[in-house]
Amino acid sequence: MNGMNRHDPAAGSAPPFEPSGAEPSRVAAIGPGAPVLAFDVGGTDIKSALFTAEGTALGLRRTPTPVVAGDRTAAVIDALEALADNLRATYADVVPQSVGLVVPGIVDATAGVGVIATNMGWRNAPLRDLAAARLGLPVAFEHDVSAASWAERMLGGARGYDDAVVLVIGTGIAGALLIGGVPYTAAGYAGEIGHSPIADGPLCVCGARGCLEAVASAGAIARRYFEATGIEPQGAKDVIARAMTGDAAAAEIWNSALDALTLSLAQLTAVFAPQAIVIGGGLSRAGGALFDELRTRLRERLSFHRIPKLVAAELSGNAGLLGAALRGRELA
């Protein structure tokens with residue numbers, strides 16, 4: 001799950017939402033259970049909702065994350081309190097029993113600590129305890145991509161797969177591992193697929209060289225095309241479209257991105273042998289240009305290995321919020 005900058009790219013790795021303050025697209029129901037407040041905190045926006053006993057989301061919206069110099073911990077806790085107060089006042093007949101809170105960066109979910117998030121400015125922030133004290137409810141605390149993977153496991157593309165990888169490919173590349181049907185986090189350090197080395201270069205924003213994210217993320221594909229041609233594309237989708245119509249520079253960049261993704265998936269397959277790799281984020285909207293190519297290249301790259309199914313994520317940018325709600329219910 002995207003390490004030191006899991007964080008900044010992670011915030012941009014999901015498909016785009018409406019402008020800040022607008023209500024996001026509808027999310028899947030999570031089924032019956034206790035009412036819960038759910039918050040998905042990102043570097044740019046906070047997604048929030050109150051989930052009813054029937055599992056439907058009320059007051060679903062996206063609001064700007066407070067911007068302050070340095071550590072944003074106190075400002076974020078203030079924002080959560082204001083959002084919670086608004087939801088409770090607006091839907092007074094729905095009384096939440098607990099809270100689900102997910103954040104970017106390196107997260108120690110067991111300790112309830114945001115270990116580090118470069119775009120949030122915090123280090124070893126006791127976010128779970130701070131939120132619980134301010135909101136007056138028990139708080140389930142987790143990393144945003146780990147929570148999203150849990151939502152995909154329960155409600156989306158990873159249903160039915162006990163051993164799976166959830167890969168979010170957007171501005172950056174974030175990942176999560178499901179082993180035996182539960183997330184494997186290693187105190188927040190597991191799942192660093194975007195920062196696994198696949199080459200000697202280029203330099204990644206995390207400080208290492210040759211990270212998968214620096215070559216094959218949607219952000220990297222667009223950036224590399226601009227560096228090669230001086231033409232600023234309208235995102236990775238534009239580069240892929242140019243590749244399909246014979247643009248040599250676009251074709252080379254897209255081909256190298258596919259090779260890098262194939263190598264990373266092959267390594268995961270050889271070491272972890274997942275039943276499925278669930279791919280979401282903006283690049284997943286490339287459809288067959290991504291999935292068909294990866295299936296073919298992965299088969300060609302491997303031999304005796306169990307080839308995982310490549311599955312599209314189903315919950316889009318709402319997966320983190322849904323995961324927060326599901327985790328919150330476990331405390332109710």
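Colleague: Which residues of H3 meet Thr73, Ile77, Asp78, Leu80, Glu81, Ala84 and Arg88 in H2?

Modeller: This is a predicted model. Helix H2 covers residues 73–90 and helix H3 covers residues 127–135. The H3 residues that meet those of H2 are Leu127, Leu130, Ala131, Arg134 and Leu135.

Colleague: Are H2 and H3 oblique or roughly parallel to each other?

Modeller: The axes of H2 and H3 are 10 Å apart, and the packing angle is about 40 degrees. Roughly parallel would need an angle under 35 degrees. H2 and H3 are therefore oblique.

Colleague: Is the crossing of H2 and H3 left-handed or right-handed?

Modeller: The angle in question is the one of about 40 degrees between H2 and H3. The crossing of these two helices is right-handed.

Colleague: Which are the edge strands of the open sheet?

Modeller: The sheet has five strands with mixed pairing, in the order S11-S10-S9-S12-S13. An edge strand here pairs on one side only. The edge strands are S11 (182–184) and S13 (309–312).

Colleague: What is the bridge partner of Val166 in S12?

Modeller: Strand S9 (residues 164–169) runs parallel to strand S12 (residues 276–280), and five bridges join them. The partner of Val166 is Val278.

Colleague: Which strands does helix H9 touch?

Modeller: Helix H8 (residues 248–272) lies across S9, S10, S12 and S13, at about 160 degrees to S9. Helix H9 (residues 288–301) also packs on the sheet, and its direction makes about 170 degrees with that of S13. The strands touched by H9 are S12 and S13.

Technical notes: Residues numbered from 1 in each chain as written. Predicted model: local features only at pLDDT ≥ 70, side-chain atom pairs only at ≥ 80, totals over all residues. Heavy atoms only, no water. Pairing = 2+ DSSP bridges. Helix = DSSP H or I, 4+ residues; strand = E, 2+ residues; numbered from the N terminus. Contact = heavy atoms within 4.5 Å. Axes fitted to C-alpha atoms, helices over the stretch in contact; angles between N-to-C directions. Parallel < 35°, antiparallel > 145°, perpendicular 65-115°, else oblique. Left-handed = near helix turned anticlockwise from the far one by under 90°.
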